[in-house]
Amino acid sequence: MSSNVRREDYAGSRICGKCHGDIARKWTNSPMHRMTRAVAGARVDAPFDGRPFRFMGDTATPEMLRGARFVRLDSAREGKTLYRVTKVIGGRYREDYAGVRVDEKDPGAAAGGDDRILPITWLRFSNEWRYKGYSVMNPERNGLVTGPVWRTTCIFCHNTVPSLVTMYDELHGPGGPKYQGSASFVLPSTLMPRFRITDPHRLGTAIRGEVELLGGEISASEPQALLAEAMQATRRSFGEAQLVETGIGCEACHGGSREHAESPTHVRTSFAVRSDFMQVTAPDGRRPSRASDMNRACAKCHTVLFSGYRYTWEGGERFEHPGGSNVNSGEARDFMLGHCSNELSCASCHDPHAEDPRARLEELTGPKGQALCTSCHRKYSSPLELERHTHHLASGPGSACVACHMPRKNMGLAYALTRYHRIGSPTDPERVLRDRPMECALCHPTKTTEFLVSTAETWYKKRFDRRRLRGLYGADFTGPAWLATLRHGKPHEQATAIGMLGEQRVAAALPDLVEQLDNSIVLVRFFARGAIEQISGEKLELDMGRPGPELVAAGRAWLERRSGPPSKAVSE
(Lines give C-alpha, C1' and ligand atoms only; values in the text may rest on other atoms or scores of the structure.)
Protein backbone atom coordinates (compact mmCIF):
# COMPACT_ATOMS: atom_id res chain seq x y z
CA MET A 1 0.00 0.00 0.00
CA SER A 2 1.20 3.51 -0.80
CA SER A 3 2.57 5.34 2.26
CA ASN A 4 3.59 8.93 3.05
CA VAL A 5 4.19 8.99 6.82
CA ARG A 6 7.30 6.85 7.48
CA ARG A 7 10.86 8.14 7.35
CA GLU A 8 11.64 5.98 4.31
CA ASP A 9 8.76 7.64 2.46
CA TYR A 10 10.62 10.98 2.32
CA ALA A 11 12.81 12.15 -0.54
CA GLY A 12 13.81 15.68 0.51
CA SER A 13 12.95 19.02 -1.10
CA ARG A 14 15.87 19.09 -3.52
CA ILE A 15 14.30 16.47 -5.73
CA CYS A 16 11.04 18.47 -6.05
CA GLY A 17 12.74 21.24 -8.01
CA LYS A 18 13.46 18.93 -10.94
CA CYS A 19 9.80 19.04 -12.01
CA HIS A 20 8.38 21.94 -10.01
CA GLY A 21 11.04 24.52 -10.73
CA ASP A 22 9.02 27.73 -10.45
CA ILE A 23 7.28 26.64 -7.26
CA ALA A 24 10.53 25.37 -5.76
CA ARG A 25 12.28 28.69 -6.44
CA LYS A 26 9.48 30.66 -4.80
CA TRP A 27 9.44 28.29 -1.86
CA THR A 28 13.21 28.39 -1.39
CA ASN A 29 13.03 32.17 -0.90
CA SER A 30 9.94 32.15 1.32
CA PRO A 31 10.06 33.01 5.04
CA MET A 32 8.36 29.74 5.92
CA HIS A 33 10.96 27.61 4.21
CA ARG A 34 13.72 29.63 5.91
CA MET A 35 12.11 29.26 9.32
CA THR A 36 15.23 27.53 10.69
CA ARG A 37 18.69 27.89 9.20
CA ALA A 38 22.24 27.38 10.30
CA VAL A 39 23.79 30.74 11.10
CA ALA A 40 26.79 30.06 8.88
CA GLY A 41 25.91 31.56 5.51
CA ALA A 42 22.45 32.73 6.62
CA ARG A 43 21.19 36.26 6.14
CA VAL A 44 21.09 37.91 9.56
CA ASP A 45 19.54 41.37 9.86
CA ALA A 46 20.25 42.02 13.53
CA PRO A 47 23.28 44.17 14.37
CA PHE A 48 25.75 42.03 16.32
CA ASP A 49 27.75 45.17 16.96
CA GLY A 50 28.56 45.02 20.65
CA ARG A 51 25.82 47.39 21.79
CA PRO A 52 24.16 45.91 24.90
CA PHE A 53 20.45 45.26 25.27
CA ARG A 54 19.39 46.03 28.85
CA PHE A 55 16.45 44.44 30.57
CA MET A 56 15.49 44.73 34.24
CA GLY A 57 19.11 45.40 35.17
CA ASP A 58 20.50 42.50 33.11
CA THR A 59 22.31 42.83 29.79
CA ALA A 60 22.63 40.79 26.62
CA THR A 61 25.35 41.89 24.24
CA PRO A 62 25.20 40.60 20.65
CA GLU A 63 28.69 40.73 19.20
CA MET A 64 31.07 39.32 16.59
CA LEU A 65 34.15 37.35 17.63
CA ARG A 66 36.50 35.87 15.04
CA GLY A 67 33.83 36.13 12.37
CA ALA A 68 31.13 34.32 14.39
CA ARG A 69 28.07 35.66 16.22
CA PHE A 70 27.82 35.49 19.99
CA VAL A 71 25.45 36.69 22.70
CA ARG A 72 27.12 37.61 25.98
CA LEU A 73 24.78 37.51 28.99
CA ASP A 74 25.22 39.24 32.32
CA SER A 75 22.22 38.07 34.28
CA ALA A 76 21.37 38.05 37.97
CA ARG A 77 20.00 34.51 37.59
CA GLU A 78 22.64 33.01 35.28
CA GLY A 79 25.71 35.10 35.96
CA LYS A 80 28.11 35.92 33.15
CA THR A 81 27.86 33.50 30.24
CA LEU A 82 28.73 33.44 26.56
CA TYR A 83 26.70 31.70 23.84
CA ARG A 84 27.78 31.08 20.27
CA VAL A 85 24.81 31.51 17.92
CA THR A 86 24.18 28.33 15.92
CA LYS A 87 20.74 28.87 14.38
CA VAL A 88 18.55 31.71 13.17
CA ILE A 89 14.81 31.13 13.58
CA GLY A 90 12.20 33.13 11.71
CA GLY A 91 12.93 36.17 9.60
CA ARG A 92 9.71 37.72 8.33
CA TYR A 93 8.82 39.84 11.33
CA ARG A 94 11.62 38.94 13.72
CA GLU A 95 14.76 36.88 14.17
CA ASP A 96 15.20 34.51 17.09
CA TYR A 97 18.37 32.61 17.86
CA ALA A 98 19.53 29.33 19.31
CA GLY A 99 23.04 28.89 20.61
CA VAL A 100 25.43 26.79 22.66
CA ARG A 101 27.28 27.90 25.75
CA VAL A 102 31.02 28.25 25.22
CA ASP A 103 34.10 28.98 27.27
CA GLU A 104 35.01 32.65 27.38
CA LYS A 105 38.69 31.77 27.02
CA ASP A 106 38.18 29.73 23.86
CA PRO A 107 34.81 30.72 22.27
CA GLY A 108 35.61 29.05 18.97
CA ALA A 109 36.14 25.61 20.47
CA ALA A 110 33.57 22.87 20.07
CA ALA A 111 30.93 23.17 22.75
CA GLY A 112 29.09 20.41 24.53
CA GLY A 113 25.47 20.58 25.55
CA ASP A 114 22.28 21.41 23.72
CA ASP A 115 21.36 24.44 21.65
CA ARG A 116 19.22 26.69 23.81
CA ILE A 117 16.84 29.46 22.82
CA LEU A 118 18.56 32.77 23.50
CA PRO A 119 16.64 35.43 25.41
CA ILE A 120 16.69 38.26 22.87
CA THR A 121 14.91 38.67 19.57
CA TRP A 122 15.45 41.21 16.78
CA LEU A 123 12.30 42.86 15.47
CA ARG A 124 12.74 43.42 11.75
CA PHE A 125 9.64 45.62 11.48
CA SER A 126 10.81 48.14 14.09
CA ASN A 127 14.60 47.60 14.09
CA GLU A 128 14.92 47.01 17.83
CA TRP A 129 15.79 44.28 20.28
CA ARG A 130 13.15 42.80 22.57
CA TYR A 131 13.04 40.10 25.20
CA LYS A 132 12.35 36.75 23.53
CA GLY A 133 8.89 35.46 24.52
CA TYR A 134 6.89 38.66 24.42
CA SER A 135 5.17 37.83 21.12
CA VAL A 136 2.68 35.70 23.06
CA MET A 137 0.66 36.48 26.15
CA ASN A 138 3.34 36.35 28.83
CA PRO A 139 3.55 38.46 31.99
CA GLU A 140 6.54 40.59 32.91
CA ARG A 141 9.80 38.73 33.51
CA ASN A 142 12.32 39.50 36.25
CA GLY A 143 15.41 39.43 34.06
CA LEU A 144 17.22 37.80 31.17
CA VAL A 145 17.43 34.03 31.19
CA THR A 146 18.08 31.55 28.39
CA GLY A 147 15.07 29.69 27.12
CA PRO A 148 14.37 25.98 26.69
CA VAL A 149 16.42 23.45 24.76
CA TRP A 150 15.82 23.92 21.03
CA ARG A 151 15.50 20.25 20.15
CA THR A 152 12.74 19.67 22.73
CA THR A 153 10.60 22.67 21.81
CA CYS A 154 10.81 24.44 18.44
CA ILE A 155 12.17 21.60 16.37
CA PHE A 156 9.07 19.89 14.93
CA CYS A 157 7.11 22.90 13.70
CA HIS A 158 10.13 24.74 12.36
CA ASN A 159 11.70 21.84 10.47
CA THR A 160 10.77 18.74 8.47
CA VAL A 161 10.23 15.45 10.29
CA PRO A 162 8.41 12.23 9.35
CA SER A 163 4.66 12.70 9.82
CA LEU A 164 4.38 9.55 11.88
CA VAL A 165 6.60 11.04 14.59
CA THR A 166 4.27 14.04 14.92
CA MET A 167 1.19 11.80 15.26
CA TYR A 168 2.14 9.69 18.27
CA ASP A 169 -0.08 11.78 20.54
CA GLU A 170 -3.15 11.61 18.28
CA LEU A 171 -2.75 7.85 17.87
CA HIS A 172 -2.30 7.42 21.62
CA GLY A 173 -5.25 9.56 22.63
CA PRO A 174 -5.58 11.63 25.83
CA GLY A 175 -3.18 11.10 28.68
CA GLY A 176 0.04 10.42 26.78
CA PRO A 177 3.43 11.91 27.72
CA LYS A 178 4.25 15.36 26.39
CA TYR A 179 6.88 15.51 23.69
CA GLN A 180 8.00 17.63 20.73
CA GLY A 181 5.04 16.58 18.59
CA SER A 182 2.31 17.11 21.17
CA ALA A 183 -0.53 18.95 19.50
CA SER A 184 -0.99 22.37 21.03
CA PHE A 185 -4.42 22.71 19.50
CA VAL A 186 -7.53 21.49 21.26
CA LEU A 187 -10.63 20.98 19.17
CA PRO A 188 -14.05 19.81 20.32
CA SER A 189 -14.56 16.09 19.69
CA THR A 190 -17.15 16.97 17.05
CA LEU A 191 -14.42 18.72 15.02
CA MET A 192 -11.32 16.70 15.82
CA PRO A 193 -10.03 14.40 13.04
CA ARG A 194 -10.08 10.75 14.08
CA PHE A 195 -6.80 8.84 14.15
CA ARG A 196 -7.26 5.06 14.07
CA ILE A 197 -4.69 2.27 14.18
CA THR A 198 -5.54 -0.34 11.53
CA ASP A 199 -2.56 -2.69 11.94
CA PRO A 200 -0.85 -2.61 15.37
CA HIS A 201 1.95 -4.94 14.23
CA ARG A 202 3.02 -2.74 11.31
CA LEU A 203 2.68 0.36 13.48
CA GLY A 204 4.99 -1.24 16.02
CA THR A 205 7.55 -2.06 13.34
CA ALA A 206 7.56 1.53 12.08
CA ILE A 207 7.84 3.03 15.55
CA ARG A 208 10.62 0.67 16.64
CA GLY A 209 12.58 1.75 13.59
CA GLU A 210 12.26 5.40 14.60
CA VAL A 211 13.27 4.74 18.19
CA GLU A 212 16.29 2.70 17.09
CA LEU A 213 17.50 5.79 15.21
CA LEU A 214 17.45 7.57 18.57
CA GLY A 215 19.64 4.88 20.11
CA GLY A 216 16.77 3.40 22.09
CA GLU A 217 14.46 0.44 21.98
CA ILE A 218 10.81 -0.29 22.68
CA SER A 219 9.82 -2.96 25.18
CA ALA A 220 6.03 -2.60 24.98
CA SER A 221 3.82 -4.34 22.43
CA GLU A 222 0.36 -2.97 23.29
CA PRO A 223 -0.21 0.11 21.06
CA GLN A 224 -0.81 2.73 23.75
CA ALA A 225 2.16 1.63 25.84
CA LEU A 226 4.32 1.42 22.71
CA LEU A 227 3.33 4.96 21.69
CA ALA A 228 3.99 6.27 25.21
CA GLU A 229 7.51 4.80 25.14
CA ALA A 230 8.09 6.31 21.70
CA MET A 231 7.06 9.76 22.93
CA GLN A 232 9.39 9.50 25.93
CA ALA A 233 12.29 8.38 23.75
CA THR A 234 11.62 11.20 21.29
CA ARG A 235 11.55 13.75 24.09
CA ARG A 236 14.90 12.49 25.40
CA SER A 237 16.85 12.00 22.21
CA PHE A 238 15.33 13.42 19.01
CA GLY A 239 17.62 16.10 17.61
CA GLU A 240 18.95 17.76 14.51
CA ALA A 241 20.50 14.53 13.23
CA GLN A 242 17.05 12.93 12.99
CA LEU A 243 15.46 15.67 10.86
CA VAL A 244 14.41 14.90 7.31
CA GLU A 245 15.76 18.37 6.56
CA THR A 246 16.47 21.59 8.40
CA GLY A 247 13.80 24.20 7.86
CA ILE A 248 10.32 23.61 6.50
CA GLY A 249 10.61 21.54 3.36
CA CYS A 250 8.04 20.57 0.76
CA GLU A 251 7.25 17.31 2.55
CA ALA A 252 6.54 19.03 5.86
CA CYS A 253 3.15 19.80 4.34
CA HIS A 254 2.78 17.36 1.43
CA GLY A 255 3.95 14.30 3.36
CA GLY A 256 6.55 11.80 2.27
CA SER A 257 6.79 11.96 -1.52
CA ARG A 258 9.48 9.45 -2.49
CA GLU A 259 6.96 7.28 -4.39
CA HIS A 260 5.72 10.33 -6.30
CA ALA A 261 9.27 11.38 -7.15
CA GLU A 262 10.04 7.89 -8.45
CA SER A 263 6.77 7.54 -10.39
CA PRO A 264 5.19 11.00 -10.80
CA THR A 265 2.57 9.91 -13.32
CA HIS A 266 1.30 7.03 -11.20
CA VAL A 267 1.54 8.36 -7.63
CA ARG A 268 0.41 11.84 -6.72
CA THR A 269 1.30 13.72 -3.57
CA SER A 270 -1.49 14.02 -1.06
CA PHE A 271 -2.28 15.96 2.08
CA ALA A 272 -4.30 12.92 3.15
CA VAL A 273 -2.55 10.37 5.34
CA ARG A 274 -1.63 7.22 3.41
CA SER A 275 -0.52 4.27 5.48
CA ASP A 276 -0.96 0.52 5.87
CA PHE A 277 -1.18 0.79 9.67
CA MET A 278 -3.24 3.92 10.40
CA GLN A 279 -6.16 5.92 9.05
CA VAL A 280 -7.30 9.50 9.53
CA THR A 281 -10.95 10.31 8.95
CA ALA A 282 -13.29 13.22 9.46
CA PRO A 283 -14.93 13.48 12.90
CA ASP A 284 -17.99 11.59 11.59
CA GLY A 285 -15.81 8.73 10.34
CA ARG A 286 -16.07 9.67 6.68
CA ARG A 287 -13.21 10.38 4.35
CA PRO A 288 -12.06 13.99 4.85
CA SER A 289 -12.43 16.49 2.06
CA ARG A 290 -9.25 17.66 0.36
CA ALA A 291 -9.70 21.04 2.08
CA SER A 292 -9.97 19.32 5.47
CA ASP A 293 -6.78 17.36 4.85
CA MET A 294 -4.93 20.54 3.92
CA ASN A 295 -6.24 22.40 6.95
CA ARG A 296 -5.25 19.57 9.27
CA ALA A 297 -1.71 19.72 7.87
CA CYS A 298 -1.56 23.48 8.51
CA ALA A 299 -3.12 23.23 11.96
CA LYS A 300 -0.47 20.87 13.27
CA CYS A 301 1.75 23.96 13.60
CA HIS A 302 -0.46 27.02 13.08
CA THR A 303 -2.39 26.39 16.25
CA VAL A 304 -0.88 28.56 18.99
CA LEU A 305 -2.39 28.09 22.40
CA PHE A 306 0.93 27.22 24.01
CA SER A 307 1.60 30.21 26.25
CA GLY A 308 0.49 30.10 29.85
CA TYR A 309 -2.23 32.66 29.12
CA ARG A 310 -5.61 31.28 30.21
CA TYR A 311 -8.14 33.05 28.05
CA THR A 312 -9.38 32.52 24.51
CA TRP A 313 -12.12 34.09 22.42
CA GLU A 314 -15.79 33.23 22.98
CA GLY A 315 -15.19 33.54 26.72
CA GLY A 316 -13.26 30.28 26.78
CA GLU A 317 -10.27 29.16 28.78
CA ARG A 318 -7.31 27.31 27.38
CA PHE A 319 -7.75 24.20 29.53
CA GLU A 320 -11.54 24.21 29.63
CA HIS A 321 -13.66 24.58 26.48
CA PRO A 322 -11.15 26.80 24.66
CA GLY A 323 -12.38 29.11 21.96
CA GLY A 324 -10.24 30.80 19.34
CA SER A 325 -6.68 32.01 19.84
CA ASN A 326 -6.06 35.71 20.22
CA VAL A 327 -2.46 35.99 18.98
CA ASN A 328 -0.74 35.37 15.68
CA SER A 329 -0.06 31.77 14.51
CA GLY A 330 -3.31 30.15 15.65
CA GLU A 331 -5.14 30.84 12.41
CA ALA A 332 -5.42 27.28 11.08
CA ARG A 333 -6.90 25.90 14.27
CA ASP A 334 -9.28 28.86 14.48
CA PHE A 335 -10.35 28.26 10.90
CA MET A 336 -11.17 24.64 11.79
CA LEU A 337 -13.42 25.91 14.58
CA GLY A 338 -15.58 27.71 12.00
CA HIS A 339 -18.10 26.51 9.47
CA CYS A 340 -16.21 26.74 6.19
CA SER A 341 -13.19 24.47 6.65
CA ASN A 342 -14.73 21.48 4.84
CA GLU A 343 -15.01 23.50 1.63
CA LEU A 344 -12.24 26.09 1.90
CA SER A 345 -8.60 25.47 2.73
CA CYS A 346 -5.96 27.84 4.03
CA ALA A 347 -4.63 27.92 0.45
CA SER A 348 -7.95 29.36 -0.77
CA CYS A 349 -6.70 32.72 0.50
CA HIS A 350 -2.97 32.26 1.11
CA ASP A 351 -0.14 31.35 -1.23
CA PRO A 352 1.44 28.36 0.56
CA HIS A 353 4.64 28.61 -1.47
CA ALA A 354 5.59 32.25 -1.00
CA GLU A 355 5.20 35.24 1.25
CA ASP A 356 1.73 36.75 0.90
CA PRO A 357 2.07 40.37 -0.24
CA ARG A 358 -0.07 42.70 1.85
CA ALA A 359 -1.77 44.02 -1.29
CA ARG A 360 -2.86 40.50 -2.27
CA LEU A 361 -4.45 39.90 1.11
CA GLU A 362 -6.18 43.26 0.98
CA GLU A 363 -7.80 42.20 -2.29
CA LEU A 364 -9.84 39.73 -0.25
CA THR A 365 -11.74 42.65 1.27
CA GLY A 366 -13.09 43.44 -2.21
CA PRO A 367 -14.66 41.60 -5.14
CA LYS A 368 -12.07 38.81 -5.05
CA GLY A 369 -12.97 37.89 -1.50
CA GLN A 370 -16.68 38.26 -2.16
CA ALA A 371 -16.44 35.87 -5.10
CA LEU A 372 -14.79 33.27 -2.89
CA CYS A 373 -17.57 33.47 -0.30
CA THR A 374 -20.43 33.63 -2.79
CA SER A 375 -19.17 30.52 -4.57
CA CYS A 376 -21.12 28.77 -1.80
CA HIS A 377 -23.36 31.56 -0.48
CA ARG A 378 -24.74 32.39 -3.91
CA LYS A 379 -27.67 34.41 -2.62
CA TYR A 380 -25.38 37.27 -1.70
CA SER A 381 -23.99 37.62 -5.20
CA SER A 382 -26.88 40.01 -5.71
CA PRO A 383 -26.04 43.55 -4.49
CA LEU A 384 -29.65 43.94 -3.33
CA GLU A 385 -29.55 40.77 -1.24
CA LEU A 386 -26.13 41.70 0.08
CA GLU A 387 -27.39 45.08 1.29
CA ARG A 388 -30.43 43.47 2.90
CA HIS A 389 -28.06 41.15 4.74
CA THR A 390 -25.39 43.64 5.82
CA HIS A 391 -27.46 46.86 6.08
CA HIS A 392 -24.47 48.58 4.49
CA LEU A 393 -23.86 49.71 0.93
CA ALA A 394 -22.98 46.75 -1.25
CA SER A 395 -20.01 48.64 -2.67
CA GLY A 396 -18.74 49.81 0.71
CA PRO A 397 -16.34 48.25 3.22
CA GLY A 398 -19.21 47.38 5.55
CA SER A 399 -20.45 44.75 3.10
CA ALA A 400 -17.13 42.94 2.72
CA CYS A 401 -17.70 39.40 3.99
CA VAL A 402 -14.43 39.33 5.92
CA ALA A 403 -15.18 42.64 7.65
CA CYS A 404 -17.84 41.03 9.82
CA HIS A 405 -17.15 37.30 9.57
CA MET A 406 -13.36 37.52 9.99
CA PRO A 407 -12.93 40.76 11.95
CA ARG A 408 -9.53 42.23 12.64
CA LYS A 409 -9.33 41.55 16.37
CA ASN A 410 -6.23 39.36 16.85
CA MET A 411 -2.76 40.44 17.93
CA GLY A 412 -0.26 40.30 15.08
CA LEU A 413 3.51 40.05 15.35
CA ALA A 414 4.05 43.66 14.25
CA TYR A 415 1.78 45.26 16.91
CA ALA A 416 -1.10 45.56 14.45
CA LEU A 417 -4.44 43.75 14.49
CA THR A 418 -4.90 40.79 12.17
CA ARG A 419 -7.98 38.87 11.13
CA TYR A 420 -9.59 36.35 13.42
CA HIS A 421 -9.87 33.17 11.37
CA ARG A 422 -12.79 31.50 13.12
CA ILE A 423 -15.45 32.31 10.56
CA GLY A 424 -18.65 33.26 12.31
CA SER A 425 -21.12 36.07 12.80
CA PRO A 426 -20.63 39.14 15.00
CA THR A 427 -24.15 38.42 16.29
CA ASP A 428 -23.30 34.89 17.46
CA PRO A 429 -24.40 34.83 21.12
CA GLU A 430 -21.06 33.46 22.35
CA ARG A 431 -19.34 36.49 20.81
CA VAL A 432 -21.82 39.16 21.91
CA LEU A 433 -22.29 37.81 25.43
CA ARG A 434 -18.76 36.55 26.17
CA ASP A 435 -16.30 38.83 24.34
CA ARG A 436 -15.44 42.49 24.54
CA PRO A 437 -15.75 44.68 22.61
CA MET A 438 -18.73 43.75 20.47
CA GLU A 439 -17.19 43.25 17.04
CA CYS A 440 -19.25 45.99 15.42
CA ALA A 441 -17.25 48.44 17.59
CA LEU A 442 -14.12 47.64 15.60
CA CYS A 443 -15.45 49.79 12.76
CA HIS A 444 -17.68 52.07 14.87
CA PRO A 445 -15.54 53.12 17.86
CA THR A 446 -17.61 56.13 18.89
CA LYS A 447 -20.85 54.16 19.22
CA THR A 448 -22.01 52.96 22.61
CA THR A 449 -22.34 49.27 23.36
CA GLU A 450 -26.07 49.74 23.92
CA PHE A 451 -26.46 51.33 20.49
CA LEU A 452 -24.54 48.57 18.75
CA VAL A 453 -26.43 45.80 20.52
CA SER A 454 -29.83 47.40 19.94
CA THR A 455 -29.07 47.96 16.27
CA ALA A 456 -27.99 44.34 15.81
CA GLU A 457 -31.18 43.18 17.52
CA THR A 458 -33.30 45.29 15.19
CA TRP A 459 -31.50 44.27 12.02
CA TYR A 460 -31.17 40.56 12.72
CA LYS A 461 -34.28 39.90 14.85
CA LYS A 462 -32.32 38.71 17.86
CA ARG A 463 -32.40 39.41 21.57
CA PHE A 464 -29.37 39.58 23.84
CA ASP A 465 -29.48 39.21 27.62
CA ARG A 466 -28.92 42.68 29.09
CA ARG A 467 -28.01 41.23 32.49
CA ARG A 468 -25.13 39.28 30.97
CA LEU A 469 -24.06 42.28 28.90
CA ARG A 470 -23.91 44.46 32.00
CA GLY A 471 -21.80 41.75 33.59
CA LEU A 472 -19.31 42.24 30.73
CA TYR A 473 -19.40 46.02 30.48
CA GLY A 474 -20.57 47.13 33.93
CA ALA A 475 -22.08 50.57 34.26
CA ASP A 476 -20.22 51.50 31.07
CA PHE A 477 -22.72 49.56 28.97
CA THR A 478 -24.13 52.89 27.79
CA GLY A 479 -20.68 54.33 27.02
CA PRO A 480 -18.20 53.75 24.19
CA ALA A 481 -17.38 50.09 23.79
CA TRP A 482 -13.63 50.78 23.72
CA LEU A 483 -13.74 52.55 27.08
CA ALA A 484 -15.70 49.73 28.72
CA THR A 485 -13.26 47.21 27.28
CA LEU A 486 -10.22 49.03 28.69
CA ARG A 487 -11.92 49.19 32.07
CA HIS A 488 -13.34 45.69 32.33
CA GLY A 489 -11.73 43.58 29.61
CA LYS A 490 -9.24 40.75 29.77
CA PRO A 491 -5.79 41.64 28.38
CA HIS A 492 -6.42 40.22 24.91
CA GLU A 493 -9.70 42.16 24.70
CA GLN A 494 -7.91 45.31 25.84
CA ALA A 495 -5.34 44.74 23.10
CA THR A 496 -8.11 44.61 20.48
CA ALA A 497 -9.52 47.89 21.74
CA ILE A 498 -6.04 49.41 21.83
CA GLY A 499 -5.28 48.35 18.27
CA MET A 500 -8.60 49.71 17.05
CA LEU A 501 -8.06 53.05 18.85
CA GLY A 502 -4.69 53.43 17.17
CA GLU A 503 -6.04 52.63 13.70
CA GLN A 504 -8.98 54.99 14.16
CA ARG A 505 -6.72 57.75 15.62
CA VAL A 506 -8.96 58.30 18.66
CA ALA A 507 -7.07 61.14 20.37
CA ALA A 508 -9.38 61.17 23.41
CA ALA A 509 -8.02 57.73 24.33
CA LEU A 510 -4.40 58.84 24.79
CA PRO A 511 -4.52 59.14 28.62
CA ASP A 512 -6.10 55.70 28.89
CA LEU A 513 -3.57 54.20 26.50
CA VAL A 514 -0.72 55.55 28.61
CA GLU A 515 -2.14 53.64 31.58
CA GLN A 516 -2.01 50.43 29.51
CA LEU A 517 1.78 50.66 29.49
CA ASP A 518 1.53 48.78 32.78
CA ASN A 519 -0.76 46.05 31.46
CA SER A 520 -0.16 42.70 33.16
CA ILE A 521 0.65 41.15 29.76
CA VAL A 522 3.76 42.66 28.20
CA LEU A 523 2.65 42.23 24.57
CA VAL A 524 -0.32 44.50 25.31
CA ARG A 525 2.10 47.20 26.49
CA PHE A 526 3.78 47.13 23.09
CA PHE A 527 0.38 47.46 21.41
CA ALA A 528 -0.33 50.48 23.65
CA ARG A 529 2.95 52.12 22.69
CA GLY A 530 2.17 51.51 19.02
CA ALA A 531 -1.33 52.97 19.31
CA ILE A 532 -0.01 56.07 21.10
CA GLU A 533 2.50 56.61 18.30
CA GLN A 534 -0.19 56.12 15.63
CA ILE A 535 -2.48 58.67 17.24
CA SER A 536 0.16 61.26 18.12
CA GLY A 537 2.36 60.85 15.06
CA GLU A 538 5.35 60.95 17.41
CA LYS A 539 7.98 58.39 18.34
CA LEU A 540 7.53 57.45 21.98
CA GLU A 541 11.03 57.01 23.36
CA LEU A 542 10.49 54.39 26.04
CA ASP A 543 12.80 51.71 27.35
CA MET A 544 10.33 48.84 27.18
CA GLY A 545 12.69 46.71 29.27
CA ARG A 546 11.77 48.76 32.34
CA PRO A 547 8.98 47.79 34.80
CA GLY A 548 5.43 48.76 33.90
CA PRO A 549 4.97 51.53 36.53
CA GLU A 550 8.08 53.27 35.20
CA LEU A 551 6.68 53.10 31.66
CA VAL A 552 3.43 54.69 32.81
CA ALA A 553 5.31 57.46 34.64
CA ALA A 554 7.35 58.16 31.50
CA GLY A 555 4.18 58.10 29.37
CA ARG A 556 2.42 60.56 31.66
CA ALA A 557 5.40 62.89 31.54
CA TRP A 558 5.40 62.69 27.73
CA LEU A 559 1.68 63.43 27.63
CA GLU A 560 2.11 66.45 29.91
CA ARG A 561 4.95 67.85 27.80
CA ARG A 562 2.83 67.34 24.71
CA SER A 563 -0.46 68.82 25.88
CA GLY A 564 0.13 70.70 29.11
CA PRO A 565 -1.20 69.65 32.52
CA PRO A 566 -3.14 66.44 31.86
CA SER A 567 -6.78 65.85 32.45
CA LYS A 568 -7.51 62.56 34.14
CA ALA A 569 -7.72 59.47 32.02
CA VAL A 570 -11.28 58.81 30.97
CA SER A 571 -11.19 55.50 32.78
CA GLU A 572 -10.24 56.96 36.18
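Gln370 counts as buried because its relative accessibility is 15%, where buried denotes under 20% relative accessible area, exposed over 50%, and partly exposed the range in between (1.4 Å probe, protein chains only). The structure is a predicted model, in which local features need pLDDT of at least 70 and side-chain atom pairs count only at pLDDT 80 or more, while totals for chains, interfaces and linings use all residues. Residues are numbered from 1 along each chain as its sequence is written, and side-chain values use heavy atoms, with hydrogens and water left out.

Gln370 belongs to helix H11 (residues 367-374); helices (H or I, at least four residues) and strands (E, at least two) are DSSP runs numbered from the N terminus. Apart from neighbours within four places in sequence, Gln370 is in contact with Leu386, Ser399, Ala400 and Cys401, contact being defined as heavy atoms within 4.5 Å.

Helix H17 (residues 481-488) is likewise mostly covered, as six of its eight residues are buried. The buried residues of H17 are Ala481, Trp482, Leu483, Ala484, Thr485 and Leu486. Their covering includes helices H15 (449-460), H16 (466-473), H18 (491-503) and H19 (510-515).

Strands S3 (residues 58-65) and S4 (residues 68-75) run antiparallel and are joined by seven bridges; two strands pair if DSSP finds at least two bridges between them. Within this pairing, Thr59 stands opposite Asp74 of S4. The hairpin of S3 and S4 has two residues between the strands, and Arg66 there takes a positive phi near 55°. S4 also pairs with strand S5 (residues 79-90), in the antiparallel sense and over six bridges. Phe70 stands opposite Arg84 in S5, and three residues lie between S4 and S5 in their hairpin.

The second largest pocket has a volume of about 500 Å³. A pocket is an open set of points on a 1 Å grid over the protein atoms alone, where a 1.4 Å probe fits, with protein on both sides within 12 Å along at least five of seven lines; lining residues have an atom within 4 Å of a point. The volume is the space filled by probe spheres set on the points, which are joined across faces, edges and corners. The lining of the second largest pocket comprises 25 residues, of which Phe53, Glu128, Trp129, Leu542 and Asp543 lie nearest the centre. Strand S2 (53-55), strand S9 (128-131) and helix H20 (522-536) are the elements that give two or more residues to this lining, and S9 gives the most, with four.
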